[in-house]
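The exercises below are meant to be worked through with the sequence and the three-dimensional picture side by side.

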Amino acid sequence: MRVQIIGFGVIGQGLAEVLLRKREELKQRYSLEVKVVSITDISGTAYAEEGLDLEKALSVARQTRAIVNYPGAKEMTGIEAIEEIDADLVIEATPSNIKTGEPGLSHMLAGFKAGKHVVTSNKGPLALKYKELVTEAARNNVEFRFEASVGGAMPVINLARETLSGDKITAIEGILNGTTNYILSRMTREGLSFEQVLKEAQELGYAETDPTYDIEGIDTASKLVILANAIMGIDATFSDVKTRGITRITPEAIRLAKERGYVIKLIGEVRNNHLEVSPRLIPETHPLNVDGALNVAMLHCDVAGEITVVGKGAGAIETQSAILSDIIAIWKKRGAGQ
Amino acid sequence: MDMRVSVDLELKDTPGQLLLALEPISRYGGNVISIIHLREEEKLRSGRVPVHFTIDVPDEASLERIINELEEQGVRVTKLGEVTKKERITLLMIGHVVDTDLRDTIDRINELEGVMVSDLSLAMPHPDKESSAIVDIEVSQGVDRRRVMERIYSIAKEKNLEIVRSLEV
Ligand SMILES: NC(=O)c1ccc[n+]([C@@H]2O[C@H](COP(=O)([O-])OP(=O)(O)OC[C@H]3O[C@@H](n4cnc5c(N)ncnc54)[C@H](OP(=O)(O)O)[C@@H]3O)[C@@H](O)[C@H]2O)c1
């Protein structure tokens with residue numbers, strides 16, 4: 001399968017690494033040979049008809065932070081690469097943007113138009129234009145998969161849509177952001193203030209320099225929109241979510257809750273067409289009470305009852321589990337060049 | 001919506017009487033919550049045994065059918081009363097909980113019919129800092145919990161309090 005990677009940061013490079021590591025295994029188990037024919041970042045595009053040398057691409061990106069320094073690379077944009085280079089599948093891994101969805105939105109639409117399947121970890125475009133994207137993919141008869149956009153390695157979309165395909169999912173609740181879960185867990189364990197723990201998380205690289213997306217619940221809301229659309233068929237977008245973050249949670253509030261057997265977690269919930277992100281009291285013994293930077297989702301199914309999945313919500317390597325499963329699913333369904 | 005009722009019965013002191021009483025309850029969609037059997041304590045002069053049932057029934061009509069059937073079978077129904085089920089909402093309030101007149105906050109919640117603040121614990125780290133309260137609210141059966149939450153959120157907005165409610169509310 002001929003693959004193009006657009007966005008070569010944490011996720012794009014993680015994919016290159018895992019593809020190198022799993023080259024033989026993919027061939028043996030699935031007769032799948034993934035040829036990365038192009039890699040694009042903000043600096044340009046590296047391209048090779050017969051497949052790029054991923055080790056070289058990784059070392060160029062790590063040393064120079066610009067893929068344009070790969071031998072023979074050009075100042076070619078993502079859109080141009082998608083339109084001009086022959087490939088079966090586009091991996092879209094540029095930064096998430098919840099205001100415009102760009103540049104990911106244009107990359108995905110260009111991919112569909114060029115008759116290419118798209119696999120993405122980028123939640124912004126999905127949270128804003130889910131319906132349009134899914135419709136365009138179908139119109140162009142290509143596959144569009146995005147397991148990595150919600151919960152990193154935690155399998156939830158494919159679990160609900162494929163393994164639980166006989167069930168109707170009536171409600172979803174979950175912790176969909178690792179940073180806020182880390183902060184709340186630490187506040188709970190150490191009795192520290194929100195500001196203290198946030199600062200510490202930033203120093204450790206667990207939280208972004210601008211933590212707004214995480215702590216205000218915006219990241220959770222984007223993922224919730226994707227789950228509502230993909231799993232429950234609700235035509236919702238980002239602006240439909242009632243969103244509150246964790247900035248006002250205090251150590252005293254956590255202590256009072258604890259005395260009553262509760263913990264405080266930032267929960268995304270879809271129920272009765274209502275989408276909400278807010279800090280909630282969770283009984284200590286409840287399956288949603290998972291600690292640290294983990295993510296968790298509980299699916300309320302009409303046949304199975306409750307199904308809960310827990311997993312790492314981010315990570316350069318862990319997230320590749322989701323991306324690989326999407327690539328393999330497309331390979332199984334479509335084979336080469338279809 | 002289920003209604004919960006308490007029923008006092010007098011059964012004949014012969015084997016199988018309890019089963020006889022249970023049968024119509026389940027047939028008409030009732031659900032037994034508890035049975036208190038006062039066998040030893042006070043066997044009545046009539047030779048009958050008093051039993052206290054708490055059951056959930058789907059509606060008034062099925063309750064009526066159950067009672068009729070019991071009486072037809074010779075079970076004496078001596079007392080019948082509706083028990084109001086109470087549900088609890090637990091939530092945290094974070095902000096200037098005391099300075100924004102806690103008394104008034106509680107009164108305005110209690111104003112709603114069938115709604116009562118039954119417990120409250122307060123944490124005040126420092127007079128200048130925000131305080132927190134964890135509150136239990138008893139809600140009678142039939143009261144729309146969403147309306148209760150709407151009232152609480154409107155008070156919270158006015159007083160700039162952050163509300164953290166439990167998952168199932
Ligand atoms: N990190 C995780 O664990 C994780 C987990 C799940 C999902 N995601 C999602 O996956 C996506 C990628 O995340 P990441 O952590 O890999 O981000 P990242 O490290 O910031 O990488 C983003 C990459 O996209 C490139 N880029 C930016 N604008 C571009 C454009 N217009 N055209 C082509 N390339 C462009 C960047 O190039 P420059 O560096 O040159 O600017 C960089 O190579 C995001 O949407 C994120 O939300 C991440």
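**Exercise 1. Find the residue that Glu69(B) meets in a salt bridge, and describe where the two partners lie.**

Solution. Glu69(B) and Arg27(B) meet through their side chains in a salt bridge, with 2.4 Å from N to O; the term stands for a side-chain nitrogen of Lys or Arg within 4 Å of a carboxyl oxygen of Asp or Glu. Helices (H or I, at least four residues) and strands (E, at least two) are DSSP runs, numbered from the N terminus. Finally, look at accessibility, where buried means under 20% relative accessible area, exposed over 50%, and partly exposed in between (1.4 Å probe, protein chains only). Glu69(B) is buried, with a relative accessible area of 15%, whereas Arg27(B), with 42%, is partly exposed.

Before going on, note that this is a predicted model, in which local features need pLDDT of at least 70 and side-chain atom pairs count only at pLDDT 80 or more, while totals for chains, interfaces and linings use all residues. Residues are numbered from 1 along each chain as its sequence is written, chains are lettered from A and ligands numbered from 1 in the order in which they are written, and side-chain values use heavy atoms, with hydrogens and water left out.

**Exercise 2. How many salt bridges are there over all chains, and which residue is the partner of Arg145(A)?**

Solution. A search of the whole structure gives 40 salt bridges over all chains. In one of them, Arg145(A) is joined to Asp326(A), and the closest N and O atoms are 3.1 Å apart. Since Arg145(A) is in strand S6 of chain A and Asp326(A) in helix H13 (residues 320-334) of chain A, the pair ties together parts that are 181 residues apart in sequence. Arg145(A) counts as buried at 12% relative accessibility, and Asp326(A) is buried as well, with a relative accessible area of 0%. For another pair, take Arg186(A) and Glu190(A), whose side chains meet in a salt bridge at 3.5 Å from N to O. These two residues are 4 residues apart in helix H8 (residues 178-190) of chain A, and therefore about one helical turn separates them.

**Exercise 3. Give the order of the 6 strands in the open sheet of chain A, and then examine the pairing of S3(A).**

Solution. The order is S3-S2-S1-S4-S5-S6, and the pairing is mixed; two strands pair if DSSP finds at least two bridges between them. S3 and strand S6 (144-145) of chain A stand at the edges with a single partner strand each, so one side of each is left without a neighbour in the sheet. Strand S2 (residues 35-41) of chain A pairs with S3(A) in the antiparallel sense over 4 bridges, and the two form a hairpin with 2 residues between them. Within this pair, Thr40(A) has Thr45(A) in S3(A) as its bridge partner.

**Exercise 4. Which residues have the most contacts inside the largest nonpolar core?**

Solution. They are Val156(A), Ile231(A) and Leu299(A), in a core of 73 residues; such a core is a set of buried Ala, Val, Leu, Ile, Met, Phe, Trp, Tyr and Cys residues joined through side-chain atoms within 4.5 Å. Helix H11 (residues 218-232) of chain A gives the largest share of this core, 10 residues. Apart from it lies another core, of 37 residues, including Ala46(A) and Leu324(A). Ala46(A) is in strand S3 (residues 44-47) of chain A and counts as buried, because its relative accessibility is 0%.

**Exercise 5. Is Asp167(A) buried or exposed, and which side chain of opposite charge is nearest?**

Solution. Asp167(A) is buried yet has no salt bridge, and the nearest side chain of opposite charge, Lys168(A), is 11 Å away; here Lys and Arg count as positive and Asp and Glu as negative, while His and the chain ends are not counted. Asp167(A) is placed in the loop between helix H7 (157-163) and strand S7 (169-175) of chain A.
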